[in-house]
Amino acid sequence: MDNATVVSYPDEFEKKEIVELAKAAGYTVVDVVTQRQILKSEYGVGAGKAEELRDTVSRNGSKTLIVDESLTSAQAFKLATITRVEIVDRERLILNIFARRAKTTEAKLQVQLAELRYELPRARDEVRYSVQGERAGFMGMGETSVDVKFRALKRRMSFIKEKLARAESSRTLHRVERRKLGMPLVSLAGYTSSGKTTLFNKLASESGEESASLFTTLTTTTRAVSFADPRKKVMLSDTVGFISRLPAYMVESFKSTLDELTYADLILLLLDASESEENMSIKLTSCMETLDQLKVEPNKVLLVLTKVDLLKSQDSRHIETLPMFGGMSVIKVSAMRGDGMRQLKMRVVQRTSQSEKADMVPQKFP
Ligand SMILES: Nc1nc2c(ncn2[C@@H]2O[C@H](COP(=O)(O)OP(=O)(O)OP(=O)(O)O)[C@@H](O)[C@H]2O)c(=O)[nH]1
Ligand SMILES: [Mg+2]
């Protein structure tokens, strides 16, 4: 594994998250340098900090510098010139994880689309430099070859979009079929590593891939399960995890997977209860924003607090009264120990039979 130095914000949540992301991408993090501002014009970090980073990486032997922001190609190039190591920005890091995890054809296409969307504005920059006669240099390309590269990226993008559209229409067809059978769709959503796959496996008695690493699941798995009455089945879906500061184009690239949320009759929004209150609140807000981006109606969301086996019984008793939940109804579960599974199943049955009547009482969200 490659040694890497990380540049992040002084904030504990941000720091911990970028280190987890780096690990998930296969790096060994040897140093974390913090900086209040990573959006300065020249190198992302300030000039003095860039020099400090050069010394840090030469001392600790890092081959890669991971920057917890999105850099332009010019910034990355300048920072690489000073530090003499490979620069990986936050978006590139997430894309690398996605690329490692993608197994199905659809997931691979989605990742390729996201990568092209990452490359395109950067290629556009290169075109601009060369037009201005200010060669970007690092590609060693003249004006025409940059142009060619730009057009090739665009062509490849429409090719992948077409393929994904085909996958999407077959998904839509399945959805229509399910509707005809009267099966409600219940989707698991939540921050990456919140425990979606573990709960899915418990509920569906299936063994999918679960791991402590981020973004283990990239495509949607759907199973027909019956919770109470064996004749009444619901479709249960496990989906890709959310993360804060995920650029809109990445959400858009995973649209065909995340559509499972847009069309769900009920969404179980998972939140890891074993984390600090502050982290829970950040993650809850980030999840609600992503759900909003996907045009999910808040009244279709049921909040599920996971991993309660990790809580002291005293903390567990009162956790649902935390102000961040704003009086929403909350279910506490541990997929590992089995706590709350019966209540969860009952609630799912209750809420999905309500949705058949289509006159649900809207819930309030913070
Ligand atoms: N103690 C405890 N750990 C759990 C529980 N549920 C999940 N975990 C652990 O939490 C980690 C993440 O679980 P996953 O089910 O892979 O999470 P996920 O939400 O599917 O993650 P991504 O697919 O990466 O978005 C794993 O190490 C699980 O073993 C639980 O109820 N109790
Ligand atoms: Mg998963």
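Reply: Happy to, starting with helix H2 (residues 47–60): its 14 residues reach 20 Å from the first C-alpha to the last, close to the 20 Å expected at 1.5 Å a residue. That expected span is 1.5 Å times one less than the number of residues, and helices (H or I, at least four residues) and strands (E, at least two) are DSSP runs numbered from the N terminus. This is a predicted model, where local features need pLDDT of at least 70, side-chain atom pairs count only at pLDDT 80 or more, and totals for chains, interfaces and linings use all residues. Residues are numbered from 1 along each chain as its sequence is written, while chains are lettered from A and ligands numbered from 1 in the order in which they are written.

Me: Which residues of H2 are buried?

Reply: A residue is buried if 20 or more other C-beta atoms lie within 10 Å of its own, exposed if 12 or fewer, and partly exposed in between, with C-beta atoms placed from the backbone. An α-helix has 3.6 residues a turn, so residues three or four places apart point the same way. In H2, the buried ones are Lys49, Ala50, Leu53 and Val57.

Me: What is the phi of arginine 84?

Reply: Arginine 84 lies in the loop between H3 and strand S4 (86–89). It is exposed, with 11 other C-beta atoms within 10 Å. Its phi is positive, in a residue other than glycine, and near 60°.

Me: In the open sheet of 6 strands, which are the edge strands?

Reply: Two strands pair if DSSP finds at least two bridges between them. The order is S6-S7-S5-S8-S9-S10, with mixed pairing. Pairing on one side only marks the edge strands, S6 (221–225) and S10 (330–332).

Me: In S9, what is the bridge partner of leucine 269?

Reply: Strand S8 (residues 266–272) and strand S9 (residues 301–306) pair in the parallel sense over 6 bridges. In S9, the partner of leucine 269 is leucine 303.
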